[in-house]
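Hello,

Here is the structure for you to look over. My notes follow below it.

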Amino acid sequence: SIAAVVALSLVLGIAGTAWQAVNATRQRDRAVAAEAKALSAETQVVAALKETQVERDRAVDAEKASEQRRREAEKRREEAEEVISLLGELIGSTNPIDIKGPQYSVLQLLDDFSTKLDGHLTEQPAVEATVRLMVSDVYNQFRTNTDQGLRHAERAYALRRELYGDTHELTIRAERDKAIHMLFLRSDSNRRAEGREILKKIVEMNPTFMQKDHAFRLRTRNAALIAASRREMLTEYPLLLEDAIANLGPDDPTTVWIRNNYADVLLAAGEPQKAELLLRQAIQSLKRTSRADSPNGILVHVHLARALIARGDDDTAREILLQNFARARQHFGEAHNDTIGILQRLMQFLYERNESQAADELFADFSDRLRGTRGVPRLTASNSLAARAVRGSRTPTEDKLFDLAAELFLRSMTDGHSEPASLGKGTSTRLVYAAIRNRRPDLVMQVASAAWNAYGVDTPQLGISYATFRRARWDPQLA
């Protein structure tokens, strides 16, 4: 019927429309999928390009780093060649055996090197600073020419400060070395105080590198306690020792030396039992590390003898002093300051126990050996003896040390004073101070005249010493 035909047409129309809609949707989905696929491929291409660029950047960075390392290596090679050239020129020009003679010493070589250094390395300030710090450290070990050592340390600090600024690790290390040199200027209390303030400042700054370099930090703190008040040292040393044991271990050389210094403070404070315990612990550490006979080991043993004397064990103390005096003569030599310091303590020990003959015989043998020296060793011994006489009290021991110091100095001046002028000037200054302290106007005049004749009037410290003598006026006619 007509109605059926119409109904069928409507159904077919609806079905066709639905099919068209479905087909259109499928086509759209296929288009979207194709677009997505194309986009994904493009994304992969972009990612690949980016990865390739990253690899290229890495390669460029690696090449730049390699070139930087090559330039730095070349610079270090040139710097090393400059230093080697300087050393070769110095040693070759001095010819110590042929020109200077057999008495030419390491200290004289250092003085000659110092003169040469002033005209070299001007284009290599970083190298110059490093070399000067090395030379200043050697002077510091001699303990006889602190002015020259300080001059190098100050120059090194100035160079590094200009290169790197005030807060750079290398600048701070150089400043620390300069301050330690100042502490050994025993005749200049103002500069010693300045040195200690510098060390305290560095400790308070506590820069980042010091938080990792425990040895540097602890040595700086230890040096900052030199010349501090006894109360401050008694407060700080236990903390310093605890810090050293925790970060360096009980047997580290820095820890051992802090124990030794803390024990020295306790001895001065009248606590020999505590000091003895610390010193025996230090000696055990030295034995465990095979350093009991080292220079520092000798000094620790001498401090142990002091602790034993304080608590009345004279026999053991005598044995330790005699053994370590012999070791010091072997390790340091007779002219060394530490050897003379042990001699001073041993003689004082014998005199206080009415063993004057033994003390006199010991000193006579030692004096004869020093009188047999010439050149720098003799003048070095005079310098060390004078230093002990200046610091000591008026006892038979100090009187003998002073008389021998003056004798050796005047002999050196008579023989032509071929030693370094800086050593002679420093020794004469100490002797004048000691002569004033010991009220020996005859020796003030002899030493001053000999020094002025040898080195001229451009000796500021000697002039200051002589002016002090004149102001004392304990000999109005001479003044």
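Ser290 is exposed, with a relative accessible area of 70%. That is over the 50% cut-off for exposed. Ser290 sits in the loop that links α12 (272–288) to α13 (295–310). Its phi is positive, near 60°, and Ser290 is not a glycine. Please keep in mind that this is a predicted model.

Asn206 has a positive phi as well, near 45°, again in a residue other than glycine. Look for Asn206 in the loop between α7 and α8 (208–212). Asn206 is partly exposed, at 30% relative accessible area. That value falls between the 20% and 50% cut-offs.

Now the chain as a whole. The secondary structure comes to 21 helices and 0 strands. The protein chain has 479 residues, and 41% of them are buried. Take the contacts between residues at least 6 apart in sequence: 62% of these join residues at least 24 apart.

Next, two helix pairs that share α18.

Start with α16 and α18. Helix α16 covers residues 356–371, and helix α18 covers residues 396–414. Their axes are 11 Å apart, and the packing angle is about 15°. Angles under 35 degrees count as roughly parallel, so α16 and α18 are roughly parallel to each other. The crossing of α16 past α18 is right-handed. From α16, the contact uses Asp360, Phe363, Ser367, Leu370 and Arg371. From α18, it uses Lys400, Leu401, Leu404, Glu407, Leu408 and Arg411. By class, this contact has 5 nonpolar, 1 polar and 5 charged residues.

Then α18 and α20. Helix α20 spans residues 441–455. It packs with α18 at an angle of about 30°, with the axes 10 Å apart. That angle is also under 35 degrees, and α18 and α20 are therefore roughly parallel to each other. Here the crossing is left-handed. The α18 residues in the contact are Phe402, Ala406, Phe409, Leu410 and Met413. The α20 residues are Leu443, Gln446, Val447, Ala450, Ala451, Ala454 and Tyr455. By class, the contact of α18 with α20 has 11 nonpolar residues, 1 polar and no charged.

On to helix α19, residues 421–437. Helix α19 has 17 residues. From first C-alpha to last, α19 reaches 24 Å, close to the 24 Å expected at 1.5 Å a residue. How many of its 17 residues are buried? The count is 12, and α19 is mostly covered. Among the buried residues are Leu423, Leu431, Val432 and Ile436. The buried set also includes Gly424, Gly426, Thr427, Ser428, Thr429 and Arg430. Ala434 and Ala435 are buried too. Arg439 follows α19, and its phi is positive, near 55°.

Arg196 lies in helix α7, residues 189–205. Is Arg196 buried or exposed? Arg196 is buried, with a relative accessible area of 10%, and the cut-off for buried is under 20%. Leaving out residues up to four places away in sequence, Arg196 touches Leu183, Ala224, Leu225, Ile226, Ala227, Ala228 and Glu232.

Asn324 has its place in helix α14, residues 314–331. At 0% relative accessibility, Asn324 counts as buried. With residues up to four places away in sequence left out, Asn324 touches Ile298, His301, Val302 and Ile342.

Gly165 is in the loop between α5 (146–164) and α6 (169–183). Its relative accessibility is 24%, so Gly165 counts as partly exposed. Gly165 touches Arg160 and Thr171, not counting residues up to four places away in sequence.

Best wishes

Definitions and conventions
Residues are numbered from 1 along each chain as its sequence is written. This is a predicted model: local features need pLDDT of at least 70, side-chain atom pairs count only at pLDDT 80 or more; totals for chains, interfaces and linings use all residues. Side-chain values use heavy atoms; hydrogens and water are left out. Axes are lines fitted to C-alpha atoms, for helices over the stretch in contact, and angles run from 0 to 180 degrees between N-to-C directions. Helices (H or I, at least four residues) and strands (E, at least two) are DSSP runs, numbered from the N terminus. Angles under 35 degrees count as roughly parallel, over 145 as roughly antiparallel, 65 to 115 as roughly perpendicular and the rest as oblique. A crossing is left-handed if the near helix is turned anticlockwise from the far one by less than a right angle, and right-handed if clockwise. Contact means heavy atoms within 4.5 Å. Ala, Val, Leu, Ile, Met, Phe, Trp, Tyr, Cys and Pro count as nonpolar, Asp, Glu, Lys and Arg as charged, and the others, Gly among them, as polar. Buried means under 20% relative accessible area, exposed over 50%, partly exposed in between (1.4 Å probe, protein chains only). The expected span of a helix is 1.5 Å times one less than its number of residues.
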